[in-house]
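Cut-offs come up as we need them.

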Amino acid sequence: MKDGAKQIGVVSGISVNILNVGSQFLAGFASFTGNTSGWTGITNKFEDTLQDAKKKMIDRAKKANSNINKIIGVRFNTSEISGGNKDGMLVVLVYGTAIIE
């Protein structure tokens with residue numbers, strides 16, 4: 001962080017996406033066989049969910065203080081909430097420290 005920068009605080013964004021049973025099965029099978037082509041659908045869903053969470057984090061930061069011009073130390077956590085034989089959910093949390101330089 002540069003001299004004169006002001007730390008505003010931690011900002012976060014969370015996004016949830018549905019994982020249907022079919023895509024979970026195909027990804028599991030692809031992992032088991034070593035064929036990564038079955039991961040395409042899940043990879044795209046993860047990327048979309050991650051981008052949505054980052055956008056929400058940036059929007060929250062701007063809403064908290066419109067002068068925020070950087071978010072540093074950005075990290076993310078992922079989780080899957082399984083529904084057993086039903087659809088599961090992919091949860092992505094993105095967070096970082098908002099600053100004004």
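Q: What makes Glu101 and Lys70 a salt bridge?
A: Their closest N and O atoms are 2.8 Å apart. The term asks for a side-chain nitrogen of Lys or Arg within 4 Å of a carboxyl oxygen of Asp or Glu, so the pair qualifies. This is a predicted model, so local features need pLDDT of at least 70 and side-chain atom pairs count only at pLDDT 80 or more, while totals for chains, interfaces and linings use all residues. Residues are numbered from 1 along each chain as its sequence is written, and side-chain values use heavy atoms, with hydrogens and water left out.

Q: How do you know that the pair links distant parts of the chain?
A: Glu101 sits in the segment after β3 (86-100) and Lys70 in strand β2, 31 residues apart. Strands (E, at least two residues) and helices (H or I, at least four) are DSSP runs, numbered from the N terminus.

Q: Why is Glu101 called partly exposed?
A: Its relative accessible area is 36%. Buried means under 20%, exposed over 50%, and partly exposed in between (1.4 Å probe, protein chains only), so 36% lands in the middle class. Lys70 is also at 36% and gets the label partly exposed.

Q: What makes Asp3 exposed?
A: Asp3 has 82% relative accessibility, so it counts as exposed. Asp3 lies in the segment before β1 (6-19). Asp3 and Glu101 are 98 residues apart in sequence, but 8.4 Å apart in space, C-alpha to C-alpha.

Q: How many salt bridges does the structure hold?
A: There are 3. One of them joins Lys55 to Asp59, with the closest N and O atoms 2.8 Å apart. Another joins the side chains of Lys56 and Asp52, at 3.4 Å from N to O.

Q: What is the spacing of Lys56 and Asp52 along helix α2?
A: They are 4 residues apart, about one turn of the helix. Lys55 and Asp59 also both lie in α2, again 4 residues apart and about one turn.

Q: What does the Phe46 and Phe76 pair tie together?
A: Phe46 lies in helix α2 (residues 40-64) and Phe76 in strand β2 (residues 70-83), so the pair ties together parts that are 30 residues apart in sequence. Phe46 is partly exposed at 22%, and Phe76 is partly exposed at 44%.

Q: Why is Thr49 called buried?
A: Thr49 has 1% relative accessibility, which is under the 20% limit, so it counts as buried. Thr49 lies in helix α2.

Q: Which residues is Thr49 in contact with, leaving aside its neighbours within four places in sequence?
A: They are Ser15, Val16, Asn17, Leu90 and Val92, where contact means heavy atoms within 4.5 Å.

Q: What is the distance of the polar contact between the side chains of Thr49 and Asn17?
A: It is 3.0 Å. A polar contact is a pair of N or O atoms within 3.5 Å; within protein, one must be able to donate a hydrogen and the other to accept it, and residues adjacent in sequence count only if both atoms are side-chain atoms.

Q: How many helices and strands are there in the protein?
A: There are 2 helices and 3 strands, and along the sequence they follow the pattern β-α-α-β-β. Of the 101 residues, 25% count as buried.
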